Amino acid sequence: MTAAEYCAAVAQLPFGKKLPDAVYVYAPAVDLPLRLQALVLSLRERLQLGESFNVIKFSTDFSVSFLEYRDFIEDPHPSLSRAVRVNLAAGKVKELQYDVRSNPPILHRKETLLAPEHPDRPRFAELTQQEEEAGLFDDPRTIGFKKNWESLLREKGLRYEGHTLVAAEADDADSSMPDEAVVVHRHRTAMTRTALSKPIRQAMECGLLAEGKSVFDYGCGLGTDADGLRTLGYDVAAWDPAYFPDAPKREADVVNLGYVLNVIEDPAERIAVLVDAWGHARETLIVSTMISGQESYDSVREHGDGVLTSRNTFQKYFEPAEFQGLVESALGTDAFPLAIGVYAVFRDPRAGQSFLAARSRRHIDWEQLSSRLGFLRPKKKAGIVDLYERNKDLLDEFWTLALSLGRLPIAGEFPRETELKERVGSPKKVHRLFLKVDA
């Protein structure tokens, strides 16, 4: 099936939840048009995907996703457990696990996914009408996640009895609140930088932050990046809830959300901040976070889905695939990795594909630039740099593959795996090396 034939078949679907870039259906393959039915059956067999993947997403970018929503019929708003996305053009398969996350995506308007003759369609449609009348869909930007939806229900004083929306009782509201409030000092995570931050450097090297582009640094901390970029001639706005709370939030060509989400202890608030930052980006959002393997604290205690430090700051260390999935689920578009824990999201999907096809790096002398900006950048440890320089071609080839996968390659995926282990070490050791070199 060609891309044109695929898009034509999707456009002819007689039912489904239709969005600008995709159609979602809940259906065994027999309920689909013959051409899509054959495609779905073929992919299920090839990838060994059982019927637990009960929602199919047909995307207009020539990809098909198999989504597992457990308790689809019983739960008013079932949570996404697993997703397998097949890029039909490139032949690539990506699997994401959501049931281990504290704030997974959820479904709304379930009736739209069902065939017209499905017996549960009227019951689901009645619930949707109740939710519309209660104003639950008035601001749809963040309600697609479990904790955000639960927070909205508490705010409205509502709960569910089966598929009926009812008023919550006082005991229901009390039982949903945490037993002990912990004061988290987010402002203490702001760093005094001696160079432009890694996300800004990556954006400049990849040509995303070019001359003439306006920039908004969302959650700028002490404002080092903003000051540096202004010195270089960029039109820069910056805002931070602790250090620059009175500065206006501005739309810009490029918005930088640098290491903000990992210090927010509330998963629902993370989604709200991510969506708000995206709303200020005319062209590109650069979003970054701390990644598992970057932990450097001696004394921490568990808190929510992250840790609290001895200074009562919060840190959430994401797995790369987890963070990419979070960004893509919240913003409804692809996120492209620039480096470890750094992603670019494009307002125009065609810009993302063009970036991927023409991806290249500009050579920038960061030591010279830091000197120009007045930064006193400490020298990296000589041993780490020497190890990288001696094996530069091998390591760059490994890291290019890791970026294309959005994760570290597993056994057998990197053709020079044996050579890598002999000259440098395991993929995890290489990961740590890149963290130190990129810092």
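Phenylalanine 336 is buried, as is phenylalanine 346; buried means under 20% relative accessible area, exposed over 50% and partly exposed in between, with a 1.4 Å probe and protein chains only. The model is predicted: local features need pLDDT of at least 70, side-chain atom pairs count only at pLDDT 80 or more, and totals for chains, interfaces and linings use all residues. Residues are numbered from 1 along each chain as its sequence is written, and side-chain values use heavy atoms, without hydrogens or water.

**Exercise 1. Classify the ring pair of phenylalanine 336 and phenylalanine 346.**

Step 1. Apply the rule: rings of Phe, Tyr and Trp (its six-membered ring) pair if their centres lie within 6.5 Å; planes under 30 degrees apart count as stacked, over 60 as edge-to-face and the rest as tilted.
Step 2. The structure holds 13 aromatic pairs. In the pair of phenylalanine 336 and phenylalanine 346, the centres are 5.7 Å apart and the planes make 65 degrees, which is edge-to-face.
Step 3. Phenylalanine 336 lies in strand S16 (residues 335-339) and phenylalanine 346 in strand S17 (residues 342-346), so the pair ties together parts ten residues apart in sequence. Strands (E, at least two residues) and helices (H or I, at least four) are DSSP runs, numbered from the N terminus.

**Exercise 2. Find the rings under lysine 110.**

Step 1. A charge sits over a ring if NZ of Lys or CZ of Arg is within 6 Å of the ring centre and within 35 degrees of the ring normal.
Step 2. Lysine 110 lies over the face of phenylalanine 72, at 5.3 Å from the ring centre. Lysine 110 also lies over the face of phenylalanine 124, at 3.9 Å from the ring centre.

**Exercise 3. Describe the contact of helices H8 and H9.**

Step 1. The axes of H8 (residues 267-279) and H9 (residues 320-331) come within 10 Å and cross at roughly 65 degrees. Axes are lines fitted to C-alpha atoms, for helices over the stretch in contact; angles run from 0 to 180 degrees between N-to-C directions.
Step 2. From H8, Ile271, Leu274, Val275 and Trp278 meet Leu326, Val327, Ala330 and Leu331 of H9. Contact means heavy atoms within 4.5 Å.

**Exercise 4. Compare two non-glycine residues with positive phi, glutamine 48 and phenylalanine 62.**

Step 1. Glutamine 48 has a phi of about 55 degrees. Its loop runs between helix H2 (34-47) and strand S3 (55-59). Glutamine 48 is exposed, at 73% relative accessible area.
Step 2. Phenylalanine 62 has a phi of about 65 degrees. Its loop runs between S3 and strand S4 (63-69). Phenylalanine 62 is buried, at 13% relative accessible area.
Step 3. Ring pairs link Phe62 with Tyr6 and Phe58 into a cluster.
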